[in-house]
Amino acid sequence: MDLTTTYMGMKLQSPLVPSASPLSEDIDNIQRMEDAGAAAVVMHSLFEEQLRLESYELHHHLTQGTESFSEALTYFPDSMNFRVGSKTYLEHIYETKQKVKIPIIASLNGSSVGGWTNYAKQIQQAGADALELNIYYVPTDVDLTSNEIEQTYIDILRAVKAVVTIPVAVKLSPYFTNMANMAKRLDKAGANALVLFNRFYQPDINLNLLEVEPNVLLSTPQSMRLPLRWIAILYGRIHTDLAATSGIHRGQDVLKMLMAGAKITMLCSVLLRHGINHIRVIEQEIREWMQKHEYESIKQMQGSMSQKHCPNPSAFERAQYMRSLTTYKPEWTATHDTSYYFG
């Protein structure tokens, strides 16, 4: 049974790729991922702020005056709290490449155009097979227009593509006025792949300490619906590869994403919950389903359930929306008279 796929020009043994997470900070973990069947690994992210904090001048301006107001001390992370610096990150890539055979995809996380994008060249020199740009951007300026926001994404991608020759993927959010048009613009700007979608961090408030605190929630299988929908819409309409991330926990989740048109599926929360060896479980579930339904290869199913041949995807989405609302029945309707509620 052939599980091979291609992603950004790389031939992979399967569509199972661990995404950026703390697990990849340890080379032993990456070796375990390879042994468990991972086709490639996305390294943990190196943040724009980490690179900038290596400049003393910026660090000075960020911290100047914070001792005057106690609440200001929590605005920015202490530079000592960052787990790795730029040199350590490069060494980590280099050492990992010496110990594993699968492709290593580095990850740069940023939100603005600047000199930090030039670091991509050093990542390539360290041996990374590809680079994923995780553009995490939450615009809060009420005067900032959608055109300006979208142009920031394009400018970041072009700045990186100008200094590297390895393939570059863009991981982005779905919150654009026209997601389809944004995908097309990134495709034209040179993105080798789009990773759909980034899950935004949702902060919480500690009522005892009166502080904003981190609140990382692992995904559930329900989270896959949004990327599933957009991958199905975009497949065949842009040239760049599509990678699915968020909510992929089971073999059936992988199969659905492939049928929608994904080249690979990225795993994170499921590995944090169940361990690295769970990659084997997911692969076995895929093989069992393919055998039962007489599929010989992954390529047979890729894009088979997309909207590539749908003349009007917007009308199709509208029809599915109306269908879902008109056919849904609450669980309690089986034993209760609903005429009072619905007339």
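Helices (H or I, at least four residues) and strands (E, at least two) are DSSP runs, numbered from the N terminus. The model here is predicted: local features need pLDDT of at least 70, side-chain atom pairs count only at pLDDT 80 or more, and totals for chains, interfaces and linings use all residues. Residues are numbered from 1 along each chain as its sequence is written, and side-chain values use heavy atoms, with hydrogens and water left out.

**Exercise 1.** Work out how α6 and α7 are oriented to each other.

Solution. Begin with the axes, which are lines fitted to C-alpha atoms, for helices over the stretch in contact, with angles running from 0 to 180 degrees between N-to-C directions. Helix α6 (residues 146-161) and helix α7 (residues 179-188) pack at about 25°, their axes 10 Å apart. Then apply the classes: angles under 35 degrees count as roughly parallel, over 145 as roughly antiparallel, 65 to 115 as roughly perpendicular and the rest as oblique. The two helices α6 and α7 are therefore roughly parallel. Finally, list the contacts (heavy atoms within 4.5 Å): Glu 150, Gln 151, Tyr 153, Ile 154 and Leu 157 in α6 meet Met 182, Arg 185 and Leu 186 in α7.

**Exercise 2.** Find which residues of α7 are buried and how they are arranged around the axis.

Solution. Take the cut-offs first: buried means under 20% relative accessible area, exposed over 50%, partly exposed in between (1.4 Å probe, protein chains only). In α7, Met 179, Met 182, Ala 183, Leu 186 and Asp 187 are buried. They cover an arc (of the directions from the helix axis to the C-beta atoms) of only 140°, so they lie on the same side of α7. Their packing partners are α6, β7 (168-172), β8 (193-196) and α8 (225-234).

**Exercise 3.** Compare Leu 210 and Ser 246: is each buried or exposed?

Solution. Check phi: Leu 210 has a positive value of about 55° although it is not a glycine, and Ser 246, also a residue other than glycine, has phi near 95°. Now locate them. Leu 210 is in the loop between β9 and β10 (211-213), while Ser 246 is in the loop between β11 (241-244) and α9 (251-260). Last, read the accessible areas: Leu 210 is exposed at 68%, whereas Ser 246 is buried at 10%.
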